[in-house]
Amino acid sequence: MSLFDQELMSRLNTVISASIGIHCAPERFGDLEKALVLAARDLNYSDAQQFALKLFQSSLADEEIQALVRHLTVAETYFFREAKAFAELEAVLPDLIEEKRVAGKRLRILSAGCCTGEEAYSLVMLLTRLIADLDDWQIDIIGSDINQDYLAKARLGIYSSWAFRGVMSEPLDQLKARFFSEVESGNFAIEPRLKDMVRFVYLNLADDYLIYEKQLGTEPFDLILCRNVLIYFDKPLIKPVLQRLSRLLRPGGWLLLAATEVPSAGEKVFADYLRPRLHNDVYLFQRVATKSASSDLNVVPSLQNELDYGRKLLQQGEYAASERILTKGLEQINQYGNEKRKRDSKLQKQFLELLVRTLSNLGRFDDASCQADILVRLDNRYDYLYLYAVVLSESGRTSDAKELLKQAIAQKSDFIAASFMLASLALHEGDKHTANGYLQKVRADLAKLAPQSLVECTDGTSVQELLNIVEQLVNGAQ
Ligand SMILES: C[S@@+](CC[C@H](N)C(=O)[O-])C[C@H]1O[C@@H](n2cnc3c(N)ncnc32)[C@H](O)[C@@H]1O
């Protein structure tokens, strides 16, 4: 029997995919539930329901991401996976290599979602074939992945025969003899010379662009592979990932995707930044020279535009960039005289609200609470009080949060989100009696609304969805 009903699974699915990209189709909800149970056990939660509640209450901490990723990611990979893709790389790379030879013999390559490293090491092997004087080059190949266990295995560089199941480029024995040494029966260690050309780093592709740059450096890449990763992603998240990857490329650089993930990516990203090259069913995209997205940041002409742009970046998950835009806008407003600032106070509040959300998404709850404090001093209306309460509870100041929630309910007695949060906080503290009282109130207030309408201040939760969650919690709280 299922621990959670379909509605709740679907909410959990959304919360998880917002953090790690991976999204399960309804027919895989069984796997998702299994992953939740195992992750809850790894994290020492008393049961999966407690973990689920935590997922609804706040953004995921690193160890929670790892616990989920451990049970949700797929480790399917092998050397020279999809031989024809490597054949197409062999066709386009010689020109790029000649260009780079003239420009100082440096190459930067990324294998995004590299899993246990086979793809990144395949690229090194390919380069040894394409570049005769490879030792004179500065080669920086980065394999990145969200799963730390896979990265550890990649850094170790020891593989069983199973990892060679796709090798067709040269006789298998020859390849093993050239690039590996046998370490124990059936296992092969990649040669140190090749291993030294590859670095493995943690990167969650669902994070925003500044995190990409922080983890990978700002020097542009000549080639990026991202294969069999985005097929597991929630559709709306695919395009922003491709945009970020294309921003990492230098003009003229190449992006290789697996054919399965291309159609779901949407058309525009390719039209704007990337010129497709389709040959032999292999999709390669070449970055065309265009104004960079960072130069876009400098051409915002008015405060209203800055606000809209900040909101868009926030929705796209580009939190660091949205912080920059919103802070700049607020600085501009702060330079106004008192009268003009008063006239623009609505705009100022909108900036502050978005900044609070952005800083929370960045996990900077102290900064977010400073801005939320300014916001409620300007206007202590119930939804701002609620936002402030969410931030305070994220930073562990639950009694202050409860106080604000009660003030919000005093203004708006049927403020469902606030009552629900008070119930959640009480449940978290083990106070089932208080939790039950608030849950009953939420249930009664929800009953007055149409099932498909959205509950205010919940980022798109419908009345019916919340009712289902409440039913489950009421059962748990009794
Ligand atoms: C099926 S493997 C593909 C490996 C390799 N690219 C290939 O094609 O053989 C998918 C990889 O994507 C990684 N992955 C999943 N979600 C990710 C995310 N949000 N950020 C980075 N990597 C992710 C998984 O950990 C896994 O290693």
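## Basis of the model

Residue numbers start from 1 along each chain, following the sequence as written. Because the model is predicted, local features require pLDDT of at least 70 and side-chain atom pairs count only at pLDDT 80 or more, whereas totals for chains, interfaces and linings use all residues.

## Domains

The protein chain is divided into domain 1 (6-72), domain 2 (83-287) and domain 3 (296-477); these bounds come from an automatic or database domain assignment. The centres of domain 1 and domain 2, taken over C-alpha atoms, are separated by 29 Å.

In the contact between these two domains, 9 residues of domain 1 meet 11 residues of domain 2; two residues are in contact if their C-beta atoms, placed from the backbone, lie within 7 Å. On the side of domain 1 that touches domain 2, helix H1 (6-20) and helix H4 (62-72) are the elements that give two or more residues. Helices (H or I, at least four residues) are DSSP runs, as are strands (E, at least two), and they are numbered from the N terminus. By class, this side of domain 1 has 3 nonpolar, 5 polar and 1 charged residues. Here Ala, Val, Leu, Ile, Met, Phe, Trp, Tyr, Cys and Pro count as nonpolar, Asp, Glu, Lys and Arg as charged, and the others, Gly among them, as polar.

## Ligand shell

There are 24 residues around the ligand, of which Thr 73, Thr 77, Gly 113, Cys 115 and Leu 205 come nearest; a residue is near a molecule if its C-beta atom, placed from the backbone, lies within 6 Å of it. Domain 1 and domain 2 each supply at least three residues to the shell. The shell divides into 12 nonpolar, 7 polar and 5 charged residues.

Helix H17 (residues 345-361) and helix H18 (residues 365-378) have axes that come within 8 Å and cross at roughly 155°. Axes are lines fitted to C-alpha atoms, for helices over the stretch in contact, and angles run from 0 to 180 degrees between N-to-C directions. H17 and H18 are therefore roughly antiparallel to each other, a term applied to angles over 145 degrees. Their crossing is left-handed, meaning that the near helix is turned anticlockwise from the far one by less than a right angle. The contact includes Leu 352, Val 356 and Leu 359 of H17 and Phe 365, Ala 368 and Leu 375 of H18. By class, this contact has 10 nonpolar, 4 polar and 3 charged residues.

H18 also packs with helix H19 (residues 382-394), the axes coming within 9 Å and crossing at roughly 160°. That makes H18 roughly antiparallel to H19. The crossing of H18 and H19 is left-handed. Among the residues in contact are Phe 365, Ala 372 and Val 376 of H18 and Tyr 384, Tyr 388 and Val 391 of H19. The contact of H18 with H19 divides into 11 nonpolar, 1 polar and 2 charged residues.

## Helices H20 and H21

Helix H20 (residues 398-411) and helix H21 (residues 416-428) pack at about 150°, with their axes 9 Å apart. H20 and H21 are therefore roughly antiparallel, and H20 passes H21 in a left-handed crossing. Residues of H20 including Ala 401, Leu 405 and Ile 409 meet residues of H21 including Ala 418, Leu 422 and Leu 425. The residues of this contact divide into 8 nonpolar, 2 polar and 1 charged.

Definitions and conventions:
Angles under 35 degrees count as roughly parallel, over 145 as roughly antiparallel, 65 to 115 as roughly perpendicular and the rest as oblique.
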